[in-house]
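Let's take a walk through a protein model together. Have a look at the sequence and the structure below, then read on.

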Amino acid sequence: MEKAKISATQLFILMVLFELGSALLVPLAIRAKQDAWLAILFGMLGSFVLFLVYHKLYTYYPYLLPMEYMQKILGKAMGTVLAFVYILYFMYDASRVLRDFGEMLLTFAYPDTPLFIANALLMLVIIYTIRKGIEVIARSGELLFIFMYVLAVAGFILIISSGLIDFENLQPVLEEGLLPSVKIALSETLYFPFTEAIVFTMILPYLNDSKKAKVTMLCATGLSGINLVITMLINISVLGVNLTARSQFPLLSTVESIQVADFLERLDVFFMLAMVIGIFFKITILFYAATIGTANLFKIKSPSMLAYPLGIVILFLSVTIASNFQEHLYEGLYIAKFILHIPLFTIIPPILLFIAFLQKRKSHGSKHI
């Protein structure tokens, strides 16, 4: 661990930017049709329960990275293997988000540019940021968070001013009842984007006031969840369910529809700037977690030394992870969910907490004998 501290406000900002990240790009929970916003809301509420599990583990070991307390809970051998699995996941997830960025950039503005070049340019900036440490990442987040929200508010006002919103596209609400939305929440939105924020268990030991961790995590998730709900409501009310489902990047299609007073149009740059900010921080946090986790696990004194080799691995993985964008989406929605998301987010942390609880209880009992 580097000797650094961040404030609760900085943690809040990083979590919001992380959870919005690539989730703004895709038609999130669109299988629920016009009730997609409900599926997002249920996914957010479900994630609160898991965040309480992650936080409780943090309160047991407030000064240790998960890589360290996994070894304390499970023993050296099994804990090391599990820690290595989480590091690999952080790198895999970073490569997926980097692929999202490259596909968006090529679709939007640079169709003749190789995917590798687009991804490499962003990766170079991220490697530089990682080498500067968590305090620089957090301060950058404070600055760009304000800029991103100014863009979001301006875009929202322009969409309303354009008269694009048609609330009839959101009807009928609960056409097939509540169950489809709950199913999609439990199978999709719970994992992407909300419980992906398990990566922040790697950041919590840097928090300068550990008492604020729980409230900060829940409030950040609540704000990002509400933002994603509003985004999907706008997408569906402007584009309709069918066009939102068919669009690779529905928010881009919505922004492209803006036309105010016959001169304010082609505001795609709003979308691009907001997306680049969100994606930059999502990759940076995942990459940073993989870097400090690897340094901790293999007893490397300077985590910044790992930035270049791990960055190159993530870059090449982002290009080779799928042969096309549709395959990339399918892998993320279905394959990764069962192999990675369910065990790593919802099964292993409660098991770790239960074992840690028994260990604490046993050690506490032995002190009184």
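Let's start with a pair of charged side chains: Arg 99 forms a salt bridge with Glu 103, and their closest N and O atoms are 2.9 Å apart. A salt bridge here is a side-chain nitrogen of Lys or Arg within 4 Å of a carboxyl oxygen of Asp or Glu. Both partners sit in helix H4, four residues apart, which is about one turn of the helix. Helices (H or I, at least four residues) are DSSP runs, numbered from the N terminus. Arg 99 and Glu 103 are both buried; buried means under 20% relative accessible area, exposed means over 50%, and partly exposed lies in between (1.4 Å probe, protein chains only).

A quick word on what you're looking at: this is a predicted model, where local features need pLDDT of at least 70, side-chain atom pairs count only at pLDDT 80 or more, and totals for chains, interfaces and linings use all residues. Residues are numbered from 1 along each chain as its sequence is written, and side-chain values use heavy atoms, with hydrogens and water left out.

How many salt bridges does a search of the whole structure find? The count is five. Side chains of opposite charge can pair when their charged atoms come close. One of the bridges joins Glu 188 to Arg 31, with the closest N and O atoms 2.7 Å apart. Glu 188 lies in helix H7 and Arg 31 in the loop between helix H1 (8–20) and H2, so this pair ties together parts that are 157 residues apart in sequence. Are the two partners buried or exposed? Glu 188 is buried, at 11% relative accessible area, while Arg 31 counts as partly exposed at 47%.

Another bridge brings together Glu 331 and Arg 96, at 3.4 Å from N to O. This one also links distant parts of the chain, with Glu 331 in helix H13 and Arg 96 in helix H4, 235 residues apart. Both Glu 331 and Arg 96 are buried.

**Empty spaces**

Now for the gaps. Rolling a probe the size of a water molecule over the atoms shows where empty space is left. On a 1 Å grid over the protein atoms alone, a cavity is a set of points where a 1.4 Å probe fits but cannot get out, and a pocket is an open set with protein on both sides within 12 Å along at least five of seven lines; lining residues have an atom within 4 Å of a point. Grid points are joined across faces, edges and corners, and a volume is the space filled by probe spheres set on the points.

| Space | Volume | Helix giving the most lining residues |
|---|---|---|
| Largest pocket | about 640 Å³ | H13, ten residues |
| Second largest pocket | about 500 Å³ | H6, eight residues |
| Largest cavity | about 100 Å³ | H3, three residues |

The largest pocket is lined by 32 residues, and Val 26, Phe 192, Leu 329, Gly 332 and Leu 333 lie nearest its centre. Its lining has 14 nonpolar, nine polar and nine charged residues. In this scheme Ala, Val, Leu, Ile, Met, Phe, Trp, Tyr, Cys and Pro count as nonpolar, Asp, Glu, Lys and Arg as charged, and the others, Gly among them, as polar.

Phe 116, Ile 117, Leu 121, Leu 124, Ile 312 and Phe 316 make a nonpolar surface patch of about 570 Å². Patches are made of residues with over 30% relative accessible area and no salt bridge, with like charges joined within 9 Å and nonpolar side chains (Val, Leu, Ile, Met, Phe, Trp, Tyr) within 5 Å; the areas come from the Shrake-Rupley method with a 1.4 Å probe, and for residues only the protein chains shown count as cover. Helix H5 (115–132) gives the largest share of the patch, four residues. Phe 116 is in H5 and is partly exposed, at 32%.

How values were computed:
Helices (H or I, at least four residues) and strands (E, at least two) are DSSP runs, numbered from the N terminus.
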